[in-house]
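Here is my note on the model you sent. Please read it with the structure open.

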Amino acid sequence: MTVLRSGSASDVGRVRTVNEDRVLESPTLFAVADGMGGHAGGEVAASIAIDSLQAGFSRSQTLDGLTEAVEEANRAVWERGVGDQALRGMGTTVVAAALVATDEGDRLALANVGDSRAYRFHDGELLQLSVDHSVAEELVARGELSQAEADIHPHRHILTRALGITPEVEADVWEIVPLAGDRYLLCSDGLSNEVTVDVIAGVLSSVPDPRAAAETLVALANEAGGNDNITTIVVDVLVGETDPATNGAPPTATAEQPSDLTGAVALADIRDASTTPTGGPATATGGPATAVGAKAIEAPGEPSVDAAPRPRKVKGPRRVTFRVLLFLVVLGALAYGAYYLIKVYVGDSYFVGLKGNQLVIYQGRPGGFLGLEPKIVSRTGVTTAQVGSLVVPALRSGVQEPTRTAATRYVSHLVEAQCSLQSPPPSCTAATTTTTTTIPTTTVAGTA
Ligand code: MG
């Protein structure tokens, strides 16, 4: 007999305008999804993943059931992405923990795809259970990078696996014996990028209520910068097994590591392209995440008591007076001002897209904006063959970047990430041919 108690919190953070994280907190299934993709893609991908995961797991509450539920969630996100031009290239991470019954007793089944994380807090120590599916962590797994180097590696946020990018995906899955007194933490990278494991351990050791602990972690991530959406779930094992000798090993010992990294994805920071930085205040929220930006539709009201038609004065023929002229001048100035602002807005926007099979940098908005078509400002000379096939759908939709320099850097990162995954790493040149800008030539043979 196992008894769990949980609490969660999710917040947009201090930089993003939209919360693309989703959280699932039910009596036996807990999950965090961190969506990514232009337009509304991130929110849609994360929501589909969570809904599909819950539906799939409810049919078979076992480790295999959870594994299949993750695979179904992947397919659901992928099918929606390929069927909708506006959502093409969207994806999401997912990390899930579920209470399942086995012949040996209750177990916690865990599953992970992407760089959201699962931690176990046991006997005063915090242990990261999941392994990030990022370029940097894959290099650590191959012994080519130390963990300390991976923590500051420029490619640590470039994912090699996510839901919705390909029709099939392999999740890391494992089982753990739920020990009484243990606490589990699931979180998006908005937490793990902002606070250290010592800080997390400090909160888990000092805040007994799981929801209060989840909210405290979110608040600390915001204090540290809140550069991303932040989501946390804390799950306490109130009643569980007591024999530590039977406890399961962390996933590094049980989960299969990818053997073939050729063609691994450089999903890159697609999530960064989908939101606009603002300085707006963050609000901590507990409980399951709700859709952000949902519109309230005003109910049709009763007609006003004085809405009855009134007699009108009949006026004589109009003359062009000074007031009419003034009105026309103000109207013209406003129209010009609006046009000018739109031009500035479009002119200050950049995205990486495709021209044929070449990556090019556009100025403007993907698909155009109010009749202003995007224009190519740089032909990078990089082809889709150099960046891995899985990032191509996102490029086809246009990956927005805040500046032209950032767009250039993004292309370089894609090339470096793809190069660094080839064994042995070749000497890679990011680009040579441009019209106006040259992507810095980068050799990555020494980065491993
Ligand atoms: Mg995130």
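**Notes on the pocket, the metal site and the salt bridges**

1. Start with the second largest pocket. β7 (117–122), α3 (135–141), α4 (147–151), α5 and α6 (197–206) each supply at least two residues of its lining. Helices (H or I, at least four residues) and strands (E, at least two) are DSSP runs, numbered from the N terminus. A pocket here is an open set of points on a 1 Å grid over the protein atoms alone, where a 1.4 Å probe fits, with protein on both sides within 12 Å along at least five of seven lines; lining residues have an atom within 4 Å of a point.

2. A word on the basis. This is a predicted model, where local features need pLDDT of at least 70 and side-chain atom pairs count only at pLDDT 80 or more, while totals for chains, interfaces and linings use all residues. Residues are numbered from 1 along each chain as its sequence is written, and side-chain values use heavy atoms, with hydrogens and water left out.

3. The second largest pocket holds about 480 Å³ of space, the volume being that filled by probe spheres set on grid points joined across faces, edges and corners. It has 25 lining residues, and R117, D132, E137, Q147 and D151 are the closest to its centre.

4. Now the metal. D34, D189 and D228 coordinate the magnesium ion through OD atoms at 2.1 to 2.2 Å. Donors are N, O and S atoms within 2.8 Å of the metal (3.2 Å for Na, K and Ca); water is not among the atoms, so sites may look incomplete. Along the chain the donor spacing reads D-x154-D-x38-D. D34 sits in strand β3 (residues 29–36) and D189 in helix α5 (residues 189–192), so the pair ties together parts 155 residues apart in sequence. Both D34 and D189 are buried (under 20% relative accessible area; exposed is over 50%, partly exposed in between, with a 1.4 Å probe and protein chains only).

5. Salt bridges number twelve, each a side-chain nitrogen of Lys or Arg within 4 Å of a carboxyl oxygen of Asp or Glu. D236 pairs with R5, with the closest N and O atoms 3.7 Å apart. D236 is in strand β11 (residues 230–239) and R5 in strand β1 (residues 3–11), so this pair links parts 231 residues apart in sequence. D236 is buried at 5% relative accessibility; R5 is partly exposed at 35%. R5, R183 and D236 are linked in a salt-bridge network.

6. One more pair: R120 and D182 form a salt bridge, closest N and O atoms 2.9 Å apart. R120 and D182 are both buried.
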